[in-house]
Amino acid sequence: SVIFEAGGKKIVFSGDLGSGYSRLTGLPDIPQKADALFIEATYADDRHSLNFKDYEVFRKDLIKSVSKGKTVWIPALAFNRTQKVLYEINLMQKEGLLSKDIPVYSVSPSANVMNALYQKEALEKSGGWFLPEVYNGGSVLPKGLRQQMVRGYDAQMILLSASGDMDYGMSEKLAPVMLAKKDVSVMIVNYVSPQSAAARLLSGEYKSKIKSKALVKKYDIFSDHPDFSGISRWLENQDKDAFIYIIHSSRQNSLNMKKLLEDAGRSNASVALERRKITI
């Protein structure tokens with residue numbers, strides 16, 4: 001989050017707050033009291049059904065696919081999402097749940113730059129980014145991670161590529177290749193926009209010249225967004241009359257978030273799509 005002062009007023013922009021279930025960072029910090037807050041509302045549910053046990057679902061499915069000789073394709077956001085998934089694979093290797101001989105590829109140049117920054121922080125321990133157990137482990141990346149392009153996709157591997165929506169970059173190019181294979185499991189770890197290829201694939205509305213034969217499943221535990229209970233915790237230092245501006249969301253979710261805030265006694269909330277003139 002970003003906090004700044006202007007004209008004697010204090011303003012907070014939330015950014016992606018995190019779900020609170022990150023093995024890397026844990027719960028987001030609660031900001032100091034401000035005059036106005038611009039908050040995300042990617043999810044406007046009253047309460048998600050997420051809990052740490054959901055990591056076990058991801059682990060069991062990954063182990064099952066690997067044990068059957070399948071390639072696992074994980075289209076993921078280059079920043080933070082890829083690193084969270086790689087850290088989970090790292091933990092699985094350390095716990096003996098996943099063989100270090102299974103090749104793990106990260107093919108996004110942007111993600112690999114971020115991988116290096118995360119790894120540097122884990123080793124140097126200079127920024128206080130992570131939970132203590134991450135620093136104690138000494139690495140956020142799995143053993144034998146190959147940060148390079150893949151020449152062929154016939155051999156078994158775990159493959160991470162940028163663009164979790166499958167609409168851009170390498171993921172868009174990989175989709176017709178991977179989805180045509182019945183020996184591929186696709187593990188979607190992002191929120192995906194309703195119009196995206198990934199969302200259409202999950203809903204059964206994906207249309208392509210190539211029929212999808214791959215197993216596809218979504219895992220919300222890697223989310224970078226809180227439910228309303230998480231938002232409420234993040235706002236607990238704020239006065240009830242603090243101005244709240246709802247951003248980074250669909251119109252419907254923004255309106256849902258506004259109602260939840262109003263029900264909680266926070267009447268001074270506005271939706272970005274309303275384009276209201278505001279005075280703080």
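Predicted model: local features only at pLDDT ≥ 70, side-chain atom pairs only at ≥ 80, totals over all residues.
Which residues do ring pairs link into a cluster?

1. The cluster. Ring pairs join Tyr 21, Phe 52, Tyr 55, Phe 58, Tyr 219 and Phe 222. Across the whole structure, a search finds 14 aromatic pairs.

2. A stacked pair. One of the aromatic pairs is Phe 4 with Phe 13, which is stacked, with 6.1 Å from centre to centre and 15 degrees between the planes. Phe 4 has a relative accessible area of 35% and is partly exposed. Phe 13 is also partly exposed, at 29% relative accessibility.

3. An edge-to-face pair. Phe 58 and Tyr 219 have ring centres 5.5 Å apart and planes at 90 degrees, so this pair counts as edge-to-face. The two residues come from distant parts of the chain, 161 residues apart. Phe 58 belongs to helix α1 (residues 54–67), while Tyr 219 sits in the loop between β9 (215–218) and α7 (228–234). Why do both count as buried? The limit for buried is under 20% relative accessible area; Phe 58 is buried because its value is 0%, and Tyr 219 is buried because its value is 5%.

4. A charge over a ring. Tyr 55, one of the cluster residues, has Arg 23 over its face, at 3.9 Å from the ring centre.

5. The cavity. The structure holds 1 cavity of 30 Å³ or more. The volume of the largest cavity is about 40 Å³. Which residues line the largest cavity? They are Ser 22, Arg 23, Leu 24, Tyr 55, Lys 84, Tyr 87, Glu 88 and Phe 222. Helix α2 (residues 81–94) gives the most to the lining, with 3 residues.

6. The sheet. An open sheet is formed by 5 strands, in the order β1-β2-β3-β10-β11, with mixed pairing. Its edge strands, β1 (2–6) and β11 (269–271), each pair on one side only. On average, neighbouring strands are turned by 20 degrees against each other, direction ignored.

7. In which sense do β10 and β11 pair, parallel or antiparallel? Strand β10 (residues 243–247) pairs with β11 in the parallel sense, over 3 bridges. Ile 246 has Val 271 in β11 as its bridge partner. In general, strands of a sheet pair through backbone hydrogen bonds.

Terms used. Residues numbered from 1 in each chain as written. Heavy atoms only, no water. Pairing = 2+ DSSP bridges. Helix = DSSP H or I, 4+ residues; strand = E, 2+ residues; numbered from the N terminus. Axes fitted to C-alpha atoms, helices over the stretch in contact; angles between N-to-C directions. Phe/Tyr/Trp six-rings, centres within 6.5 Å; stacked < 30°, edge-to-face > 60°. Buried < 20%, exposed > 50% of the residue type's maximum accessible area, 1.4 Å probe, protein only. Lys NZ or Arg CZ within 6 Å of the ring centre and 35° of its normal. 1 Å grid on protein atoms, 1.4 Å probe; cavity = no way out; pocket = protein on both sides within 12 Å on 5 of 7 lines; lining within 4 Å. Points joined across faces, edges and corners; volume = space filled by probe spheres on them.
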